[in-house]
Structures are given as C-alpha cells and as structure tokens.
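I opened the notebook to record what I looked up in this model. The entries go in the order in which I checked things.

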Amino acid sequence: MKKRRRIISVMFAVVMLLALTMCSVSALSTYIRGDADRSDNVDAIDVTYILRKLSNIPVPNTFFQRAADVNGDGELEVVDATLIQRYNVNISNPYKIGEIVKYDEYELPVV
Ligand SMILES: [Ca+2]
Ligand SMILES: [Ca+2]
C-alpha cells in the first residue's frame with residue numbers, strides 16, 4: 001500500500017512537471033524585428049505599413065506593431081520606418097532589424 005502511494009505521488013509529480021514545462025514553452029512566441037506585416041522578411045512593404053499606420057490609413061490586420069517598433073521605445077514613429085529603409089539598403093542596423101525576437105505572448109500587445 002505504501003509503495004503504491006509512493007508510485008502515485010511520483011507519477012503525479014512527473015505529470016505536474018511536464019504540464020509546467022509545456023505551459024512555459026507555449027507561452028513564448030517569436031517575431032522578426034521590422035517585419036511589420038508578418039511576411040517573414042523585412043522589406044519596403046513593412047515601411048509602407050508603418051507609414052500608412054502613422055497616416056491613419058487602414059492597414060491589414062496582419063500589422064504587428066511590436067515588430068514595427070524597431071527602436072523599441074514603445075512608440076510607432078517615422079524613425080522606425082527610416083531605420084527599416086536603412087537596413088534594407090545595408091546602411092546600418094544598430095537595432096538588430098531582421099533578427100528573431102522572443103516574447104511572452106501573454107504580455108499585453110502594443111496597440
Ligand atoms: Ca515583412
Ligand atoms: Ca519606435
């Protein structure tokens with residue numbers, strides 16, 4: 001009887017550990033910095049989306065502001081579009097545009 005309890009408690013601990021691991025893995029998502037339209041690359045369309053958004057022109061619902069805010073200041077600005085343009089012509093990339101960023105999908109998105 002004691003042995004059975006011990007086996008059950010070990011199995012329970014393993015199941016809880018697995019559930020915890022799976023939850024923490026599924027909470028993480030990724031995006032490409034600068035990929036405002038979520039097309040998996042950074043190009044002129046991302047710049048267009050940002051400029052449209054700044055001009056209050058509707059953008060498709062694939063627009064992802066977190067990826068568009070390439071300087072990471074929490075604001076969508078013309079400088080974000082300019083930084084992507086500079087990246088696209090290989091002038092400079094101080095904000096690691098085009099690199100994969102991991103984030104917790106339970107964080108509130110920047111809208
Ligand atoms: Ca894109
Ligand atoms: Ca910004």
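**Entry 1: overall layout.** I noted before anything else that this is a predicted model. I then looked up the secondary structure and found four helices and two strands in the chain. Reading along the sequence, I wrote the pattern down as α-β-α-α-α-β. I also looked up burial: of the 111 residues of the chain, 19% count as buried. For contacts between residues at least 6 apart in sequence, I noted that 59% join residues at least 24 apart.

**Entry 2: the core.** Which residues have the most contacts inside the largest nonpolar core? I found Ile 50, Ala 68, Ile 84 and Ile 97, in a core of 14 residues. I next checked which helices supply it: α2 (44–54), α3 (65–68) and α4 (78–88) each give at least two residues. Of these, α4 gives the most, with four residues. As background I wrote that nonpolar side chains tend to be buried together in soluble globular proteins.

I then took Ala 68 by itself and listed its contacts, leaving aside neighbours within four places in sequence. Ala 68 is in contact with Ala 36, Asp 46, Tyr 49, Ile 50, Leu 76 and Asp 80. Ile 50, one of these partners, is also named among the core residues with the most contacts.

**Entry 3: α2 against α4.** At what angle do α2 and α4 pack? I read about 170 degrees, with the axes 9 Å apart. An angle over 145 degrees counts as roughly antiparallel, so α2 is roughly antiparallel to α4.

I wrote out both sides of the contact. From α2 come Ala 44, Asp 46, Val 47, Ile 50, Leu 51 and Leu 54. They meet Val 78, Asp 80, Ala 81, Ile 84, Gln 85 and Asn 88 in α4. By class, I noted eight nonpolar, two polar and two charged residues in this contact.

**Entry 4: the strands.** I looked up how β1 (28–32) and β2 (100–104) pair. They run antiparallel and are joined by five bridges. Ile 32 stands opposite Ile 100 in β2.

Is β1 buried or largely in the open? Of its five residues the number buried is zero, so β1 lies largely in the open. I checked Ser 29, which has its place in β1.

**Entry 5: positive phi.** Asp 40 has a phi of about 75 degrees and lies in the loop between β1 and α2. I counted Asp 40 as exposed because it has 8 other C-beta atoms within 10 Å.

Where is Asn 90 found? I placed Asn 90 in the loop between α4 and β2. Its phi is positive, about 55 degrees, although Asn 90 is not a glycine.

Technical notes
Residues numbered from 1 in each chain as written. Chains lettered and ligands numbered in written order. Predicted model: local features only at pLDDT ≥ 70, side-chain atom pairs only at ≥ 80, totals over all residues. Core = buried A, V, L, I, M, F, W, Y, C linked by C-beta atoms within 7 Å. Buried ≥ 20, exposed ≤ 12 C-beta atoms within 10 Å, placed from the backbone. Contact = placed C-beta atoms within 7 Å. Axes fitted to C-alpha atoms, helices over the stretch in contact; angles between N-to-C directions. Parallel < 35°, antiparallel > 145°, perpendicular 65-115°, else oblique. Nonpolar A, V, L, I, M, F, W, Y, C, P; charged D, E, K, R; others polar. Pairing = 2+ DSSP bridges.
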